[in-house]
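Please read the following walk through a two-chain model alongside its coordinates.

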Amino acid sequence: MRQQYGRRSQVLAGALALFAFAIVVQMTRIQNSPEAEIFRQQSEAYAYEYRTFYPNRGEIYDRKGRLLAGEKIIYEIGVDLSIMTDPHAIAFAVSDTLGMDYDGLMDVMQNPPEGLSYIILVDYVDAEQALYLQELKKALNEQAPEGSVGGLTGLQFKPHPQRSYPENALGSNILGFVSREGTGYFGVEEKYDSLLAGNPVTVLVPTDPNKAFEIPNAPDGTTLILTIDRDLQAAAEDILDTALGNYGAQDGLIAIMNPRTGELYAMAVSRRMNLNKFWNYGAVYSNATEFNPVISKSYEPGSVMKVLTMAAALDSGTVTPETTYLDTGSILVGGVTVENWDRNPWGLQDMTGCLQHSLNVCMVTLSTQMGAGKFYDYMDAFGVGHLTGVDLAWEAPGRLKIPGDADWYPVDLGTNAFGQGVAVTPIQMMSAVSAVANHGRMVIPHVLYAMVRDGRQHEVPDQFGATPISEQTAATLNEMLAISLEQESSLALVPGYRVAGKTGTAQIPVDGFYDGSQTNTSFIGWGPVDDPQFMIYVWLERPTTSPWASEIAAPVFSEMAQRTVILLDIPPDSIRQQLALR
Amino acid sequence: MNIPNHLPNVNHLIQAYRVAPWRVQRQWIGNALLIVLALAMVAALYLHVTSRTAIAGREIQDLTDAIATSRQVSSDLQTQLAGLTSAASMESRAREMGYRPVEPDELEYLAVPGYVAQDAVDLSSSAQPQLNVLTISPEYNQSLLDWMDERLVSTRRFQ
C-alpha cells in the first residue's frame, strides 16, 4: 500500500517536474524566438530618450551692478484632453482673460491633431494673467466637484523663463534683444550670444526609473558686466530727447567714452524700443543701421574731421601751431573752388585760429601741402574706413575714398580734409580722435567690462589700436583745441572744467548733390584737458532752429559734460589739481 | 545486501541506524526549501535595493527640478526687483519725494583720506561645488547588479 503511494507520488512529482520543465523550455523558446527579438528591439527604442538641458541665459549688468537684462517666468497654457470635461468653460475663461478668440479656442480643443492628448492653447503668457487663471481654476474646482461641468479641469500651466529687460527702452541700442527662440539680435545680445546662452547639454536618459541617470552639469550662460553706467545712459537719453525737441532735429545721438581706456559709458540714440516688446522692431526701425547709429550709421561728419587733418599736418611736420597762412576765403582744388563756411576771408591765421574759426580753406591748404599719399596714409592710420572693433553687432566701416578708386576725384583731397566726401560712424570718429586725448594712441571702444562665470569675475583688459601720431603731437593739438574753444567763448565750455573739442557742421548729400538747407551738426569734445576722463560725441541730424553745430551740438555737449562730471565723480579742475598736489 | 541469518542482532542494529526513507525525503525537501529560501532572500534584497535606488533616482530628479525652479523664481524676483529700482522708477519716486537733480554749483567735493571710490562692481562670489552623480558615492546610485557587474569586470581585468 505504502509502495503504491510512493509510486503515485513519484509519478505525480515526475509529471509536475515535466510540466515545470516544459514551462522553462517554453519560456526559453519564447525569449529566443524571432518575435521576441522584434519586441526587444522595440523596447530598446523606448528604453532611452535624448533629453537636452538648456542652461539659463547669462544676465547683463551695468558697471555699478544694476541689472539690465535678466529672466522672468512666463507660462505656456495648454489643455490635457484626456481629463478635460468642459471645453466651453476653458475657452470662455482663456478668451476672457487673455483676449483670445473663443471660437478659435473651441476649434482647437474639439478638433485636436490626431494622437495628441495635450495641446498648447497659448504661450508666453505673463505671470499675472496665468496666476489669475490658476486662481479661477482653483475657485471653480472648490465650488464644484472635480471633473464636473463648468470647471477648468484639464487646463494646465507650464512655467518657463523668458528674457526680460527691467529698464525697458533704456540703452536698448546697446543691449539688443533675444527672440522667443533664444537667439540674440543686435548689440550685446547678438555679439555675445554664444557666451550668454551657454552650452546646452544633450544626454541619453533611460526611461526606466530604476536606472539613475547622470544629471548633466549644464552651467548657466556667462553673466556680463558692461562698461555702461545706467544713470549716465539715462541722463544722456534725457538730454538728447530734450535737445531734439528744442532744436527740432530729426534724429540724434550722444555717445560717451573714456578716451584713455575705450570704455563706453553711454550711447543714447533717438530711436529706442522697449526691449520687452521686441516684436515692435519693424514699427520703430526701417533698417538695421537705425538700431544703433553710433556704430552703424555712416555720415559725412563735417568739421570734426579737421581734428584729424590738423593732427596729420602737425605730426608730419607740415605745419606747427605757430605756422601762419593768409586766408582769402576760397581755394581751388581739383578744379573746384572751395570756400569757408561763411564764404568770407579770415586774413592771416595761425593753426589755432584755423581750428577756432573752422576754416575750410585752411584745411584744404594743409591736405594739399601734405599731398594725397601722406594725407590718406594718416586717415588710414586713424582707422577711417575701417571697423573699430567695438564689441557690438552691426558695426559699419564707413567709407574713405582713396586715389585709385573709381569714384575718387582730386577735389576729394580738399573736401575730405574738412569732413565732406568721406563717410564715418560716430564711434569711428571717437576712436580716431581718442589718439589726441590719449598720448597719440587710439583706443578700441568696448562695452564689456567683465565676465562672471562659476562665481568668478574675469575683467576684460582694455585694448588699444594704432598710434597714428606722436605723444608730442597729441599734447600740442590737445592744447590747441582747448584754446580754440576758450578763445571762441564756445557754448561747449564747461564751467570749472577745461575741455577740448571741435564742432562739425556738414551739408547732407541728397541724390548726389548737397542739400544747402539741411545739415548734420556734430561736436566731439573731451575733458579735463590735462587728464581726459570722458569724451562726448554729439550728432543732431537736420536741426531746424539753426544749421550750425556751434549753436546746436556745442551746448548739448556742455550740458552732457556737466552731468557726466557729476555722475562720474570728477571734481572741478581746481579741486582735482589741489588734491594732486597733496 | 545479504545479511546472514546468524546475525539477526546485526540486522536489527543496521535497521535501527539506517536513515528512514521519509527522513531522506525530508532532508531533500529541507535542502530544496533552503535553496528556495536563499533565492527568495536574494530576490527580496535585490528588490529592496533596486526599489530604493529607483526612489532615490526619482528624488534626485525631483530635487534637480526643484533647484531649476528655485533658480527661475530667483531670477524672476531679481528681475522684478530691478524693475522696481530701474532708473525711470527711481527718478519718479525721487521726484515724488521732492528731490531734483543736483546742479554743478551745488556740489561740494570733500577729500577723504584713504577713500578709494569703487570704479565698477565686483560680482564674484565663492565658487559653490556643483553636485552631480559623479560626486555622489556609488553606494547611492549603483544597483546590486551594477555592483556585481563592476566587480566581475574588475576581476576579469586583473586576471
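This is a predicted model: local features need pLDDT of at least 70, side-chain atom pairs count only at pLDDT 80 or more; totals for chains, interfaces and linings use all residues.

Residues are numbered from 1 along each chain as its sequence is written, and chains are lettered from A and ligands numbered from 1 in the order in which they are written.

Chain A contains 20 helices and 20 strands, where helices (H or I, at least four residues) and strands (E, at least two) are DSSP runs numbered from the N terminus. Its C-alpha trace spans about 150 × 60 × 55 Å along the principal axes of chain A. The radius of gyration of chain A is 36 Å, whereas a compact globule of 582 residues would have a value near 25 Å; the radius is taken over C-alpha atoms, and the globule rule is 2.2 Å times the number of residues to the power 0.38. Of the 582 residues in chain A, 46% are buried, a residue being buried if 20 or more other C-beta atoms lie within 10 Å of its own, exposed if 12 or fewer, and partly exposed in between, with C-beta atoms placed from the backbone. Among contacts in chain A between residues at least 6 apart in sequence, 72% join residues at least 24 apart, a contact requiring that the C-beta atoms, placed from the backbone, lie within 7 Å. Chain B, by comparison, has four helices and zero strands, and buried residues make up 5% of its 159 residues.

In soluble globular proteins, nonpolar side chains tend to be buried together. The largest nonpolar core here has 139 residues, and those with the most contacts inside it are Ile254(A), Ala255(A), Val499(A) and Val538(A); such a core is a set of buried Ala, Val, Leu, Ile, Met, Phe, Trp, Tyr and Cys residues joined through C-beta atoms within 7 Å. Helix α19(A) supplies the largest share of this core, ten residues. Leaving aside neighbours within four places in sequence, Ile254(A) is in contact with residues including Ala236(A), Ile239(A), Val538(A) and Met560(A). A second, separate core of 17 residues includes Ile74(A), Tyr75(A), Ala130(A) and Leu152(A).

One open sheet of chain A consists of five strands in the order β11-β10-β20-β19-β18, with antiparallel pairing; two strands pair if DSSP finds at least two bridges between them. Strands β11 (264-269) and β18 (500-510) of chain A stand at the edges, each with a single partner strand, so one side of each has no neighbour in the sheet. Neighbouring strands are turned by 10 degrees against each other on average, direction ignored. Between β18(A) and β19 (residues 513-527) of chain A there are eleven bridges, and Gly504(A) stands opposite Ser522(A) in β19(A). Helix α9(A) lies across β10 (251-257), β11 and β20 (534-541) of chain A, running at about 150 degrees to β10(A); axes are lines fitted to C-alpha atoms, for helices over the stretch in contact, and angles run from 0 to 180 degrees between N-to-C directions.

Within strand β20 of chain A lies Leu540(A), which counts as buried because 27 other C-beta atoms are within 10 Å. Apart from neighbours within four places in sequence, Leu540(A) is in contact with residues including Ala243(A), Tyr247(A), Thr521(A) and Val556(A).

Several backbone details deserve a look. The peptide bond from Gly527(A) to Pro528(A) is cis, with omega near -20 degrees, and Pro528(A) is placed in the loop between β19 and β20 of chain A. Phe186(A), although not a glycine, has a positive phi of about 65 degrees and is buried, with 25 other C-beta atoms within 10 Å. His439(A), also a residue other than glycine, has a positive phi near 60 degrees, and with 17 C-beta neighbours inside 10 Å His439(A) counts as partly exposed.

Finally, the contact between the chains takes 42 residues from chain A and 40 residues from chain B. On the side of chain A that touches chain B, β3(A) gives the most, with five residues. The residues of that side divide into 19 nonpolar, eleven polar and twelve charged, where Ala, Val, Leu, Ile, Met, Phe, Trp, Tyr, Cys and Pro count as nonpolar, Asp, Glu, Lys and Arg as charged, and the others, Gly among them, as polar.

Technical notes. Two residues are in contact if their C-beta atoms, placed from the backbone, lie within 7 Å.
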